[in-house]
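Q: Hi, I have a protein model open and I'd like to go through it with you. Can we take it bit by bit?

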Amino acid sequence: MKKGSCALLLCALVVVVVMLAEARVTEAVTCNPSELSPCLGAFTTGQAPSANCCNKAREQQPCLCGYIKNPSYSQYVNSPNAKKILSACGVPTPSC
C-alpha cells in the first residue's frame, strides 16, 4: 500500500474507535430527570449549585436535549436558573 492510503486507513480506524467509545459512554447514562434532584434548590431559587448537583448535571448532560424536548421538563431545563447551573458547573448549554 502507498503511504497515503495507509495514513487514510489509519485515520478512518481512529475515527471509528473514537465514535464507538463515545457511543458506549452515552449508552452508560440512564436518562432520568430525578437524577437532577440535588439541583432542585438551584433550579427553583437560583442558589449556587452544590458539588453533588454539578456531578449530576455532568452525568445527565447527554440527556439534556431529551429533557428540553419533553414539555414536562423543558420549562426547568430552559430556565435562566438552569443555564446558571450549567454555567457554574462547567456543563455546556445544549443546542438542540
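Predicted model: local features only at pLDDT ≥ 70, side-chain atom pairs only at ≥ 80, totals over all residues.

Q: Which residues line the largest cavity?
A: They are Leu36, Cys39, Phe43, Ala57, Leu64, Val77, Ala82, Ile85 and Leu86.

Q: Which helix gives the most to that lining?
A: Helix α6, residues 80-89. Helix α6 supplies three residues to the lining of the largest cavity.

Q: How much space lies in the largest cavity?
A: About 80 Å³.

Q: And how many cavities of 30 Å³ or more turn up in the whole structure?
A: The search finds one.

Q: Let's step back. How many helices and strands are there?
A: The protein has six helices and zero strands. Read from the N terminus, the order is α-α-α-α-α-α.

Q: What percentage of the residues count as buried?
A: 24% of the 96 residues.

Q: What about the surface? How much of it belongs to carbon and sulfur atoms?
A: The accessible surface is about 6600 Å². Carbon and sulfur atoms account for 62% of that.

Q: Take contacts between residues at least 6 apart in sequence. What share joins residues at least 24 apart?
A: That share is 65%.

Q: Now pockets. How much space lies in the largest one?
A: The largest pocket holds about 210 Å³.

Q: Which residues line the largest pocket?
A: Pro33, Ser34, Leu36, Ser37, Leu40, Phe43, Tyr67, Tyr73, Tyr76 and Val77.

Q: Which elements give two or more residues to that lining?
A: Helix α2 (40-45) and helix α5 (71-77). The largest share comes from α5, with three residues.

Q: How does the pocket lining divide by residue type?
A: Eight residues are nonpolar, two are polar and none is charged.

Q: New topic: charges. Why would two side chains pair up at all?
A: Opposite charges can pair when the charged atoms come close.

Q: How many salt bridges does this model have?
A: The count is two. One of them joins the side chains of lysine 56 and glutamate 35, at 2.8 Å from N to O.

Q: Where do lysine 56 and glutamate 35 lie?
A: Lysine 56 is in helix α3, while glutamate 35 is in the loop between α1 (3-28) and α2. The pair therefore ties together parts 21 residues apart in sequence.

Q: Which residue forms the other salt bridge with lysine 56?
A: Glutamate 59. The closest N and O atoms of glutamate 59 and lysine 56 are 3.4 Å apart. The two residues sit three places apart in helix α3, so about one helical turn separates them.

Q: What do the salt bridges that share partners make?
A: They join Glu35, Lys56 and Glu59 into one network.

Q: Let's pick single residues. Where is serine 74, and is serine 74 buried or exposed?
A: Serine 74 is in helix α5. Its relative accessibility is 19%, and buried means under 20%, so serine 74 counts as buried.

Q: What does serine 74 touch, leaving out residues up to four places away in sequence?
A: Tyr67 and Ile68.

Q: And where is glycine 46?
A: Glycine 46 is in the loop between α2 and α3. At 32% relative accessibility, glycine 46 is partly exposed.

Q: Which residues does glycine 46 contact, leaving aside neighbours within four places in sequence?
A: Gly41 and Asn81. The C-alpha atoms of glycine 46 and lysine 84 are separated by 7.8 Å, although these residues are 38 apart along the chain.

Q: Last one. What about asparagine 52?
A: Asparagine 52 is in helix α3, residues 51-59. Asparagine 52 is partly exposed, with 43% relative accessibility.

Q: How far apart are the C-alpha atoms of asparagine 52 and cysteine 39?
A: They are separated by 8.0 Å. Along the chain, asparagine 52 and cysteine 39 are 13 residues apart.

Terms used:
Residues numbered from 1 in each chain as written. Heavy atoms only, no water. Helix = DSSP H or I, 4+ residues; strand = E, 2+ residues; numbered from the N terminus. Buried < 20%, exposed > 50% of the residue type's maximum accessible area, 1.4 Å probe, protein only. Contact = heavy atoms within 4.5 Å. Areas by Shrake-Rupley, 256 points an atom, 1.4 Å probe, with all protein chains shown as cover. 1 Å grid on protein atoms, 1.4 Å probe; cavity = no way out; pocket = protein on both sides within 12 Å on 5 of 7 lines; lining within 4 Å. Points joined across faces, edges and corners; volume = space filled by probe spheres on them. Nonpolar A, V, L, I, M, F, W, Y, C, P; charged D, E, K, R; others polar. Salt bridge = Lys/Arg side-chain N within 4 Å of Asp/Glu carboxyl O.
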